[in-house]
Amino acid sequence: MELKTILSEIVKDEVMHAKWLNTLSMMENAGSRKISACEHKTDVSVSILKHAAEEARHAYFLKTQIKKLAPGKFDTYRLKHLIAPMSSYQYLDRLDFQISKYLKEEIQMPEDQIRYASYLLTTYAIEERADLLYPVYDEVLNESGSNITVRLIIAEEIGHLEEMNRQMAEFFSDWKTKAAHVKCLETLLYDVWMKKIQEEVFIKATA
């Protein structure tokens with residue numbers, strides 16, 4: 001099922017829509033924490049600080065949008081407040097794990113480089129996905145006449161992707177080959193996540 005069809009169904013129901021916003025917020029927050037966890041103790045670049053801060057701001061911004069749909073609800077990231085909670089929670093961690101395993105076992109990268117390399121590739125894959133997902137969501141919001149907006153996030157995610165391309169080109173000699181591989185890994189996880197979301201959304205819609 002197409003992403004737009006799933007999102008159109010979500011936007012029809014204000015409570016489900018609020019849970020979707022909360023799910024995106026949780027995932028943006030997880031991304032911010034993942035970036036911070038990869039920081040070196042002393043050699044912290046401005047770009048990493050900026051990226052972590054912007055992901056955290058996205059998480060906060062999405063939270064503020066919830067009050068337009070369900071005031072006073074979904075204040076936490078508890079499982080019952082999310083769509084496809086287990087798959088949503090595991091998505092980023094599984095991707096990071098698989099990329100780290102790829103770097104260690106297939107690339108045989110030195111141990112002291114894996115954390116940063118995994119950060120680059122994981123973040124790149126997530127930014128590629130965000131660059132596909134948020135514009136479709138924005139299109140659905142516009143067509144439905146919703147007062148929810150994600151245009152600020154779209155603009156910043158484009159900048160993030162450009163920055164990740166630059167950083168990977170500096171770090172990897174053959175970054176496009178590695179990027180293509182991790183995109184395949186991410187696509188498999190995304191398909192599982194979206195299937196779980198689809199099941200929850202349409203089961204509720206037909207109940």
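**View 1. Surroundings of F202 in the predicted model.** Leaving aside residues up to four places away in sequence, F202 touches M1, T5, I6 and E9. This is a predicted model. F202 belongs to helix α7. One of its contacts, E9, is 193 residues away in sequence, yet the C-alpha atoms of F202 and E9 are 7.8 Å apart in space. F202 counts as partly exposed because its relative accessibility is 22%, and the limit for a buried residue is under 20%.

**View 2. L132 on helix α5.** L132 lies in helix α5, which covers residues 111-144. With a relative accessible area of 51%, L132 is exposed; the class begins at over 50%. The C-alpha atoms of L132 and L3 are 9.8 Å apart, although 129 residues separate L132 from L3 in sequence.

**View 3. The salt bridge between K4 and E143.** K4 and E143 form a salt bridge in which the closest N and O atoms are 3.0 Å apart. K4 is in helix α1 (residues 3-12) and E143 is in helix α5, so this pair ties together parts that lie 139 residues apart in sequence. K4 is partly exposed, at a relative accessible area of 27%, whereas E143 is exposed at 55%. The salt bridge is part of a network that links K4, E139 and E143. In the model the count of salt bridges comes to 13.

**View 4. Salt bridges within single helices.** The side chains of K50 and E54 meet in a salt bridge with an N to O distance of 2.8 Å. Both residues are in helix α3, four residues apart, which is about one turn of the helix. E54 is buried, with a relative accessible area of 8%. In helix α6, E170 and R166 are likewise four residues apart, so about one helical turn separates them. E170 and R166 form a salt bridge, with their closest N and O atoms 2.6 Å apart. E170 is exposed at 59% relative accessibility, while R166 is partly exposed at 37%.

View 5. Helix α3 runs over residues 46-66. At 1.5 Å a residue, its 21 residues should span 30 Å, and the end C-alpha atoms are 31 Å apart, which agrees. The buried residues of α3 include I48, A52, F61, L62 and I66, along with H51, E54, E55, H58 and Q65. Buried residues of this helix pack against α2 (14-37), α5 and α6 (151-171).

**View 6. Helix α4 and its kink.** Helix α4 comprises the 22 residues 85-106. A kink of about 40° is centred on Y91. Y91 is among the buried residues of α4, as are P85, L92, D96, I99 and L103. Just after the helix, Q108 has a positive phi of about 55°.

**View 7. S118 and D96.** The side chains of S118 and D96 make a polar contact at 2.5 Å. S118 is placed in helix α5, and D96 is one of the buried residues of α4. S118 is also buried, since its relative accessibility is 2%. Apart from residues up to four places away in sequence, S118 touches D96, I99, S100, L103 and T123.

**View 8. The largest nonpolar core.** The largest nonpolar core of the model holds 62 residues. Helices α1, α2, α3, α4, α5, α6 and α7 (175-206) each supply at least two residues of this core. Its largest share, 13 residues, comes from α5. The residues with the most contacts inside the core are I10, W20, Y134, Y137, W193 and I197. In soluble globular proteins, nonpolar side chains tend to be buried together. Y134 touches L24, E28, L62, V150, I153, I154 and E157, residues up to four places away in sequence not being counted.

Key:
Residues numbered from 1 in each chain as written. Predicted model: local features only at pLDDT ≥ 70, side-chain atom pairs only at ≥ 80, totals over all residues. Heavy atoms only, no water. Buried < 20%, exposed > 50% of the residue type's maximum accessible area, 1.4 Å probe, protein only. Expected span 1.5 Å × (residues − 1). Bend = angle between axes of the 7 residues up to and from the residue. Polar contact = N/O pair within 3.5 Å; in protein donor to acceptor, adjacent residues only side chain to side chain. Contact = heavy atoms within 4.5 Å. Salt bridge = Lys/Arg side-chain N within 4 Å of Asp/Glu carboxyl O. Core = buried A, V, L, I, M, F, W, Y, C linked by side-chain atoms within 4.5 Å.
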